Structures are given as C-alpha cells and as structure tokens.
Amino acid sequence: MLNRPEAMNAITVDLGRALADAITGLAHEPDVRVILIRGAGGNFCVGGDFREVERLRAQGLSGLRPLFDNFAEACDSIARVEIPVVAAVEGYAMAGGFELTLAADIALVRADAVLADNHVKFGQIPGGGSSQRLPRLVGRQRALGLILSGGRLSGLDAVSWGLAFRSFPAADFDAGVADFTAALAGRPRAAVAEIKRLVYAGLAAPLAEGLALERRAVVDFIAGDAGAAGVAQFNTRGEQP
C-alpha cells in the first residue's frame, strides 16, 4: 500500500525505498502468490513529492539521486521477482504514479481513473521510466504525443491503449480487483514464475531467440517435478479444461 493519503501518495525517498523493499521481501515469502500495489485514500499516486524535491535540490545532485534511484529500484524489481505484481489504479496516477503503472506486470484500473505523464506541464522531464517504457508499450507516436502534451487518459483509455489489462466501473472496482488477484493467486506458482520469466526474457531478445528459449523451457519444465504434477492433474481430471 502506498500510504501517504494526505499527499495523494506522492513519492518520497523513504516511500521509494519502502516500496522496493516490500516487493523484494514479499516475493521471497513462499505463501505469497501475488503482490498488489494500491494507493491509500482513493488515489494511486501523483508522482514525486515536490516539497521533498525542493528540499533535496538544495543538497545538490547527491541529494536528488536517492529519490530517483529508490523509485527506479522499486519499478525495476517488479520484472525481477518471480511472482506477478499487479497495480490497482484508481483516482489519480500522475507522473511517477503513471510510471509505476507502466512498470507493473498487470494493471487493473477503475474506469474513471485519471492517468497522465504530466511532467512537461511543470517544465520537468520524466525520471521514472516514461520516456523508455511508454514507447515500448504504445509506440513512438502515442508516447511522444502523450508525454509532450501532458494529456490525460481515463481508465477506459488505458485499456484501449494497452496500458492496462482490464477496467472496472467504480462500484465494481474493489470486487473486480479481489476476484482477479484471487484467481491469479490460485495458479501454480512454478508455472506462473516461468511464464513471467519467459515473457520478460523474450521482450529483450529477437523473436527467434525467444521462441527457442520457450521451447527449451517447456521441455525442461514438463520433465521436472512441477510440470509432472500438472500433467498428472490433467490426466486425473480426464476432461478438457
């Protein structure tokens, strides 16, 4: 939980560090199957805390770096951990909050959520991944159009752009998030971890290499204990899923 509701969950040095530690720590808990990131108080996150930024600027480069390094570590850790990390986005997801949404494995959004990289409106540039993750997700035209204009997207827009997996009406948001994460948590952890690893590894490689990686992985997986258990379960059920 991003728990600074009085500041609309704005990111500080400490919050960035706590988020990175929580993601890494929870991923090592054997009973944890999904990590859900939500914001307190009805908003996801409005980005960096400008009061803290102003204070850190007075310390020079060494003062500012931990703010961005800690937040980057939190975002980067999402791809490294085995279990899926889901962002539940409602209210405002602006600047760094938008960038955290981009970094999540899966984003679930309230239909009336407001998402934007609005750095440019304050004469700033992205520092949490927008200039790099967004073009890879939506292409150069849409990325530059959104970042340079500082325009806003609704939750419905985010789904149509491929920035979120599913949107829910406001009245159904909590139940929808709970149902989705419960279903995800019920999947076999070993299979989920291997699928996530293959997706991220494949995105960093040419298609032919990714397909070869998948073929090697599926043979190894089925030959191992986790794959054997799944095959036995399927045969025992005796029907198509």
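Visitor: How many helices and strands are there in the chain, and what makes a run count as one?
Guide: The chain has 11 helices and seven strands. Helices are DSSP runs of H or I with at least four residues, strands are runs of E with at least two, and both are numbered from the N terminus. This is a predicted model, in which local features need pLDDT of at least 70 and side-chain atom pairs count only at pLDDT 80 or more, while totals for chains, interfaces and linings use all residues. Residues are numbered from 1 along each chain as its sequence is written, and side-chain values use heavy atoms, without hydrogens and water.

Visitor: What makes a set of residues a nonpolar core, and which residues touch the most other members of the largest one?
Guide: A nonpolar core joins buried (under 20% relative accessible area, 1.4 Å probe, protein chains only) Ala, Val, Leu, Ile, Met, Phe, Trp, Tyr and Cys residues through side-chain atoms within 4.5 Å. The largest has 45 residues, of which L2, I37, F44, V89, L100, L134 and L163 touch the most other members. Helix α1 (residues 13–27) contributes the most to this core, six residues. Apart from it lies another core of nine residues, including A88 and F168.

Visitor: What share of the residues in the chain is buried?
Guide: Buried residues account for 41% of the 241.

How values were computed:
Buried < 20%, exposed > 50% of the residue type's maximum accessible area, 1.4 Å probe, protein only.
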